[in-house]
Amino acid sequence: MRKVLVSGATGTIGRSLVKQVEDAGADVRTITRELTDPVALEAALDGVDAMFLLWPFATAEGARELLELVGARRVVYLSSAAARPSEIGIERLIAENAREWTVLRPHAFAANSLRWAEQVRAGVVRQPYGDATFSPIHERDVAAVAVRALLGEGHHGAVYTLTGPRPMTQREQARAIGAAIGRPVRWEEEPPEEARTRLVKLGWPEQAVDEMLRALAEPGPATGTVEEVTGAPASTFETWASEHAADFLGSMRAARIHEYGDASVISLDEVPVPKPGPGEVLIRVAATSFNPSEVGLRMGLLREVFGGTLPHTLGWDVAGTVVTGAGDFAPGDRVIGLIDGAAAGYAVAKASLLTSAPERIPLADAAAVPVAGLTAWQAVFEHARIGRGSRVLINGAGGGAWGCSPFSWPSMRARTWWRPRARAARRPYGGWAPTRSWTTPPLPCRAATTC
């Protein structure tokens, strides 16, 4: 098995790179501060075939000693499109020392827009050069190219210029972020001289500020290198913004308990919007409902059954809209599910725990009906296309799915009785559902469902 050493493993690119290298079946070893510690670095390099190098220092001082230790191994170096003198110096040192080498020169990172997060929450991004065009690149795409260079063949001596798939103005990026989080975000132009004064007051070195402003004033290229190397198109900025929506949303309100007890222990707290992990979906919650089991959990009667720790966010049955997609779900999809922590502005759930919401039921109503009932309703009305006047045989009509579903078959004789509030909620979907015992004479049917 090939062994890869990754420096900067906790950074924006490093985290994605480690996962992708592992997914490719290679062994990963990570380093953080060992770059300037020869003893620790030599130990980390033991048995390693290839190294991903992120040099975190402003100068190339110390790089020669490091690369002499790396010796005759494959090196993939994360440089930059700016090609600063220190970066060019390191590129030359790598070419002199490494057995095989590849240089990555990414242009503007999509993640650079995270510096706007506070302004995005206020609804106005005030920055210079709103009409400047770049092709922002997703950090995952940079990592994907690095994986091919670390583990594949045919990349020795290559200097890859990496960008996203198409140019966008900064103004367009702000709008795309607003679309991803479901809030209007407008651009307000800031004069470059004001931006310079502001950044210097924040502690930025004057040289770095001037360099950044010069880069903003010049349009950036768009290359197809990501697709050429990986075989997959580069991710769009819209995709990146959707995946990082939680970073821009900031905080939300959540109904939580900090101790067990009656309803008085529930508090409405301001908490960070959760960030979805692999295979997880971020949902903008439209509504949630509380069931009897959750009352028992809140009172501390079911700790051994449900586990969990305090503070705990309430809410199990959820209906909402996907913000960050995963699995079969894309941003904008309407979903329902039985998850943990739904009594909040946003919730995270495994995609496997969700299903598409019924097309004809508002999300606020859908949350009031257990998921089993909603899926039964979908099976009959949206998949089997059963309409008014149809006769349907129900197996298990006394169970929770049937008893909680907003069904209506007017041709049947008997009725189930509902509380006034529940009856009002179901009236738009056809009133209330009659029942019939399976022990009576056969009932002609178009379809049958098992709940």
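**Cores, a sheet and one glutamate in a predicted model**

The largest nonpolar core of this predicted model has 30 residues, and Val120, Phe237 and Leu282 have the most contacts inside it.

Me: Which element gives the most to this core?
Reply: The elements that give two or more residues to the core are helix H5 (117-122), helix H7 (170-181), helix H11 (237-243), helix H12 (245-249), strand E11 (251-257) and E17. Among these, the element that gives the most, with five residues, is H7.

Me: How many residues does the second, separate core have?
Reply: This second core is separate and includes Val76, Ala146, Leu162 and Val229. Its number of residues is 28.

Me: Which strands stand at the edges of the open sheet, each with a single partner strand?
Reply: Five strands form the open sheet, with antiparallel pairing, in the order E17-E13-E15-E16-E18. The two strands at the edges have a single partner strand each, so one side of each is left without a neighbour in the sheet; they are E17 (346-350) and E18 (354-356).

Me: At about what angle does helix H16 run to E16?
Reply: Helix H16 (residues 371-383) lies across E15, E16 and E18. Its buried residues include Leu374, Trp377, Val380 and Phe381. The angle at which H16 runs to E16 is about 135°.

Me: Is glutamate 189 buried, partly exposed or exposed?
Reply: Glutamate 189 is found in strand E10 (residues 186-189). Its relative accessible area is 39%. Buried would require under 20% and exposed over 50%, with partly exposed in between; because 39% falls in that middle range, glutamate 189 is partly exposed.

Me: How far apart in space are glutamate 189 and valine 125, C-alpha to C-alpha?
Reply: In sequence, these two residues are 64 residues apart. Leaving aside neighbours within four places in sequence, glutamate 189 is in contact with Arg126, Gln127, Pro128, Tyr129, Gly130 and Arg171. From C-alpha to C-alpha, glutamate 189 and valine 125 are apart in space by 8.3 Å.

Me: Which residue has its backbone nitrogen 3.0 Å from a polar atom of the side chain of glutamate 189?
Reply: The side chain of glutamate 189 is joined to the side chain of tryptophan 187 by a polar contact of 3.0 Å. A polar atom of the glutamate 189 side chain also lies 3.0 Å from a backbone nitrogen, which belongs to glycine 130.

Conventions
Residues numbered from 1 in each chain as written. Predicted model: local features only at pLDDT ≥ 70, side-chain atom pairs only at ≥ 80, totals over all residues. Heavy atoms only, no water. Pairing = 2+ DSSP bridges. Helix = DSSP H or I, 4+ residues; strand = E, 2+ residues; numbered from the N terminus. Contact = heavy atoms within 4.5 Å. Axes fitted to C-alpha atoms, helices over the stretch in contact; angles between N-to-C directions. Buried < 20%, exposed > 50% of the residue type's maximum accessible area, 1.4 Å probe, protein only. Core = buried A, V, L, I, M, F, W, Y, C linked by side-chain atoms within 4.5 Å. Polar contact = N/O pair within 3.5 Å; in protein donor to acceptor, adjacent residues only side chain to side chain.
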